[in-house]
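The sequence and the structure come first.

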Amino acid sequence: MSYSDTANKILDAAERVARQGGYNAFSFRDIANEVGIKSASVHYHFPTKDALGEALAKRYTERFMNGLGTIDPTDAKAALKKYVDACGVALKEDHLMCLCGMFGAEIQLLPQVVAERTQEFFQHNLSWLEKAYSALGLSAAQSKVSAARLISTVEGAMMLSRSLNDISIFDSVTEGIV
C-alpha cells in the first residue's frame with residue numbers, strides 16, 4: 001500500500017505512540033502536533049481513528065512479513081531464527097513493542113476493523129511459522145502448536161523485557177528456542 005509523504009509521517013508518528021502505549025495512547029491532535037500539521041490534515045488522510053488504526057496494522061503486517069521473506073525449505077532453522085531476530089530488533093533497536101502485540105493485548109477494546117487487521121497479523125505469522133516448522137519435518141498439528149508457542153514466547157519475552165526494563169531477558173528467553 002502506498003501513502004503520501006504526509007500520510008506516512010502520520011502513520012510513523014501514530015505507530016511509535018501505539019507501540020509504546022496501545023491503540024488508546026494516541027489522538028489525532030497528538031499525532032498532528034508531532035508531525036507539525038493541523039488535526040484536520042490527519043482527518044484528511046485518515047477520516048477516523050478506526051481508519052488510521054486499520055492502516056497502521058495493515059502497514060505493520062506488510063512490512064513485517066516482507067522483512068521475513070520466503071522460507072528456504074532447506075534451511076528452515078535460519079527462517080525461524082530470522083523470525084526471533086526480527087522481533088528482537090523491535091525491542092532492542094526501536095525500544096518498542098510489536099504493534100500488533102500491543103493491539104492484541106487490548107483486542108476486546110479495539111474497533112472491529114482494527115481487531116480484524118490485528119488478527120490478520122497473527123494469522124500471517126502463524127502461517128509463515130507453520131511452513132517453517134513443516135519444512136523441519138513436523139506434522140501439521142505439531143507445526144501449528146510450535147508456531148503458536150514461538151509467537152507466544154517471543155511476544156511474552158518482549159513484554160517481560162520491557163516491563164522489567166531489561167532487554168537481556170529477551171535474549172535469555174529466546175536463546176536456543178529455535
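A crossing is left-handed if the near helix is turned anticlockwise from the far one by less than a right angle, and right-handed if it is turned clockwise. Helices (H or I, at least four residues) and strands (E, at least two) are DSSP runs, numbered from the N terminus. The model is predicted, so that local features need pLDDT of at least 70 and side-chain atom pairs count only at pLDDT 80 or more, while totals for chains, interfaces and linings use all residues. Residues are numbered from 1 along each chain as its sequence is written, and side-chain values use heavy atoms, with hydrogens and water left out.

**Helix H5**

Helix H5 covers residues 76-92, and its 17 residues should span 24 Å at 1.5 Å a residue, which agrees with the 24 Å between its end C-alpha atoms; the expected span is 1.5 Å times one less than the number of residues. Buried here means under 20% relative accessible area, exposed over 50% and partly exposed in between (1.4 Å probe, protein chains only). The buried residues of H5 are Ala76, Ala79, Leu80, Tyr83, Val84, Cys87, Gly88, Ala90 and Leu91. These buried residues pack against helix H1 (5-21), helix H4 (49-68), helix H7 (112-135), helix H8 (140-163) and helix H9 (168-174).

**Helix pairs**

Two packed helices are described by the angle between their axes and the distance between the axes. Axes are lines fitted to C-alpha atoms, for helices over the stretch in contact, and angles run from 0 to 180 degrees between N-to-C directions.

| Helix pair | Axis distance | Angle |
|---|---|---|
| H4 and H5 | 10 Å apart | about 140° |
| H5 and H7 | within 8 Å | roughly 150° |
| H7 and H8 | within 8 Å | roughly 125° |

Angles under 35 degrees count as roughly parallel, over 145 as roughly antiparallel, 65 to 115 as roughly perpendicular and the rest as oblique. With axes 10 Å apart at about 140°, H4 is oblique to H5, and the crossing of H4 and H5 is right-handed. Contact means heavy atoms within 4.5 Å, and by this criterion Phe64, Gly67 and Leu68 of H4 meet Lys82, Tyr83, Ala86 and Cys87 of H5. The residues of this contact divide into five nonpolar, one polar and one charged, where Ala, Val, Leu, Ile, Met, Phe, Trp, Tyr, Cys and Pro count as nonpolar, Asp, Glu, Lys and Arg as charged, and the others, Gly among them, as polar.

At roughly 150°, H5 is roughly antiparallel to H7, and H5 passes H7 in a left-handed crossing. Ala76, Ala79, Leu80 and Tyr83 of H5 make this contact with Asn125, Trp128, Leu129, Ala132, Tyr133 and Ala135 of H7, a set with nine nonpolar, one polar and no charged residues.

At roughly 125°, H7 is oblique to H8, and H7 passes H8 in a right-handed crossing.

Leu129 is found in helix H7 and counts as buried, at 0% relative accessibility. Leaving aside residues up to four places away in sequence, Leu129 touches Leu80, Tyr83, Ala147, Leu150 and Ile151.

His95, in the loop between H5 and helix H6 (99-105), has a positive phi of about 55° although it is not a glycine, and at 54% relative accessibility His95 counts as exposed. Asn165, in the loop between H8 and H9, has a positive phi of about 50° although it is not a glycine, and Asn165 is exposed, with a relative accessible area of 73%.
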